[in-house]
Amino acid sequence: MEGDLQRTFGINLRRYRNRNKMSQEALAELLEVHRTYVGGLERGERNPSLRTVEWIANRLGVDPYLLLRKR
C-alpha cells in the first residue's frame, strides 16, 4: 500500500527511541532536528528521502535496513 514504507520507518524509529529510553526531544537533539519533525517521522506523516534515512541510521549507529524492514 502507498505510504507503508513511511509508516514502517516511523514505527521502527519510535521502537528504537523507546528501546533506548529517549524522549522525542532527546532524539531530535541527537539528530539535530526539531522535535515536531521527529514526531512527523514516527507517525508516518513525513516522507524522508533515502539519504535522510541513511543519515538518521548513521546518527543512531544502526543499519538503514533495520529502520525500513517490517517486523
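This is a predicted model: local features need pLDDT of at least 70, side-chain atom pairs count only at pLDDT 80 or more; totals for chains, interfaces and linings use all residues.
Glu-32 counts as exposed, because its relative accessibility of 61% is over the 50% cut-off. The residue sits in the loop between helix 2 and helix 3, and its phi is near 60 degrees, which is a positive value in a residue other than glycine. Lys-21 counts as exposed, at 77% relative accessibility.

Helix 3 is followed by Gly-44, with a positive phi near 75 degrees, and just after helix 4 we find Gly-61, where phi is positive at about 75 degrees.

How do helix 2 and helix 3 lie relative to each other? Their axes are 8 Å apart and the packing angle is about 105 degrees, and helix 2 and helix 3 are therefore roughly perpendicular to each other. On the helix 2 side the contact is made by Gln-24, Glu-25, Leu-27, Ala-28 and Leu-31, and these meet Arg-35, Val-38, Gly-39 and Glu-42 of helix 3. Divided by class, the residues of this contact are 4 nonpolar, 2 polar and 3 charged. Within helix 3, the buried residues are Val-38, Gly-39, Gly-40, Leu-41 and Glu-42, and the buried residues of this helix pack against helix 1, helix 2 and helix 4.

The next pair is helix 1, residues 4–19, and helix 4, residues 50–60, whose axes come within 13 Å and cross at roughly 15 degrees. Helix 1 and helix 4 are therefore roughly parallel to each other, and their crossing is left-handed. Phe-9, Leu-13 and Tyr-16 of helix 1 meet Val-53, Ile-56 and Leu-60 of helix 4, and by class this contact has 6 nonpolar residues, with no polar and no charged ones.

Staying with helix 4, which of its residues are buried? They are Val-53, Ile-56, Ala-57 and Leu-60, and because the buried residues fall within an arc of 100 degrees when seen down the helix axis, they line one face of helix 4. On the face of helix 4 turned away from the buried side, we find the exposed residues Arg-51 and Asn-58.

I will finish with two residues of helix 1. Thr-8 lies in this helix and is buried, with a relative accessible area of 10%; leaving aside residues up to four places away in sequence, Thr-8 touches Leu-67, Leu-68, Arg-69 and Lys-70. Arg-15 also has its place in helix 1, and at 30% relative accessibility Arg-15 counts as partly exposed. Between Arg-15 and Ile-56 there are 14 Å in space, taken from C-alpha to C-alpha, while in sequence the two are 41 residues apart.

Methods: Residues are numbered from 1 along each chain as its sequence is written. Side-chain values use heavy atoms; hydrogens and water are left out. Axes are lines fitted to C-alpha atoms, for helices over the stretch in contact, and angles run from 0 to 180 degrees between N-to-C directions. Helices (H or I, at least four residues) and strands (E, at least two) are DSSP runs, numbered from the N terminus. Angles under 35 degrees count as roughly parallel, over 145 as roughly antiparallel, 65 to 115 as roughly perpendicular and the rest as oblique. A crossing is left-handed if the near helix is turned anticlockwise from the far one by less than a right angle, and right-handed if clockwise. Contact means heavy atoms within 4.5 Å. Ala, Val, Leu, Ile, Met, Phe, Trp, Tyr, Cys and Pro count as nonpolar, Asp, Glu, Lys and Arg as charged, and the others, Gly among them, as polar. Buried means under 20% relative accessible area, exposed over 50%, partly exposed in between (1.4 Å probe, protein chains only). The arc is that of the directions from the helix axis to the C-beta atoms.
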